[in-house]
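Hi,

Here is the structure I promised to send over. Have a look at it first, and then read on for my notes.

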Amino acid sequence: GIRCSNGVYTLVGSSYETHLLEKSRVVSHTQGERTFHIFYQILSGDSDFKRDVLGPEWADASIKDFRMLSEEGDCTIGGRSNEHMLAETMTALDRFGFRTDALRELARALGAVLRLGNLLFEETDDLVAMISDSVDLDLLEAVIGIEKSVVTKAFTRMTIRTQTDEVEVPLSLNDAQESCRAFTKCVYSIIFDFIV
């Protein structure tokens with residue numbers, strides 16, 4: 001709202017709504033398109049930058065290391081490279097107070113989204129889903145600080161609660177994959193809303 005006192009208008013409050021955040025673009029995009037630019041920007045940074053803001057295991061990370069990132073399409077936008085846009089993004093984030101620890105937390109949250117996109121699921125003989133790649137699961141655990149057993153259970157099991165009991169039900173391959181995709185989109189949406 002706006003308050004007027006002696007002819008001087010002052011902003012005293014506001015609210016916002018996020019419009020047109022195409023969350024599905026985080027986990028899928030059409031051929032020849034890219035997902036959100038920030039992922040490409042972060043990975044275009046030099047090894048010291050990636051090590052500093054994402055962690056030591058990220059120093060040599062590149063676009064090809066992440067399944068949800070497309071290497072197709074033009075890597076420049078308006079004649080500006082990912083590296084140039086990263087510098088602009090870092091300047092803008094700095095103006096809004098994202099420095100040192102706050103910047104690291106933001107970058108690591110984005111890194112968690114990238115690692116979530118790398119999780120692969122497979123079906124057991126009993127038609128139950130399981131995470132098939134322990135390397136990506138280990139890297140995700142390092143980024144988010146949650147034990148991989150907890151992450152695995154969250155994506156491959158559903159807990160049904162009744163008034164008197166709790167029952168764990170294994171998820172199918174499709175349900176586990178969809179659970180992971182939904183969580184990935186949700187995390188990105190929370191990051192976006194936090195920045196806004």
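Below is what I found, going from the whole chain down to a single residue.

First off, keep in mind that this is a predicted model. The chain has 8 helices and 8 strands, and its C-alpha trace spans about 70 × 45 × 30 Å along the principal axes. Of the 196 residues, 32% are buried. If you take the contacts between residues at least 6 apart in sequence, 59% of them join residues at least 24 apart.

The accessible surface comes to about 12,100 Å², and carbon and sulfur atoms account for 52% of that. There are 20 positive and 32 negative side chains, with the centres of the two sets 6 Å apart.

H2 (residues 37-44) packs against H5 (residues 100-116) with the axes 11 Å apart and an angle of about 105 degrees. Angles of 65 to 115 degrees count as roughly perpendicular, so that is what H2 and H5 are to each other. On the H2 side the contact is made by Ile38, Phe39, Ile42 and Leu43, and H5 contributes Leu110, Val113 and Leu114.

Val113 also turns up in the contacts of Thr184, a residue of helix H8 (residues 173-195). Is Thr184 buried or exposed? It's buried, because its relative accessible area is 1% and the cut-off for buried is under 20%. Apart from neighbours within four places in sequence, Thr184 touches Val26, Val27, Val113 and Leu116.

Cheers

Definitions and conventions. Residues are numbered from 1 along each chain as its sequence is written. This is a predicted model: local features need pLDDT of at least 70, side-chain atom pairs count only at pLDDT 80 or more; totals for chains, interfaces and linings use all residues. Side-chain values use heavy atoms; hydrogens and water are left out. Helices (H or I, at least four residues) and strands (E, at least two) are DSSP runs, numbered from the N terminus. Buried means under 20% relative accessible area, exposed over 50%, partly exposed in between (1.4 Å probe, protein chains only). Contact means heavy atoms within 4.5 Å. Accessible areas come from the Shrake-Rupley method with a 1.4 Å probe; for residues, only the protein chains shown count as cover. Lys and Arg count as positive and Asp and Glu as negative; His and the chain ends are not counted. The place of a charge is taken as NZ of Lys, CZ of Arg, CG of Asp or CD of Glu. Axes are lines fitted to C-alpha atoms, for helices over the stretch in contact, and angles run from 0 to 180 degrees between N-to-C directions. Angles under 35 degrees count as roughly parallel, over 145 as roughly antiparallel, 65 to 115 as roughly perpendicular and the rest as oblique.
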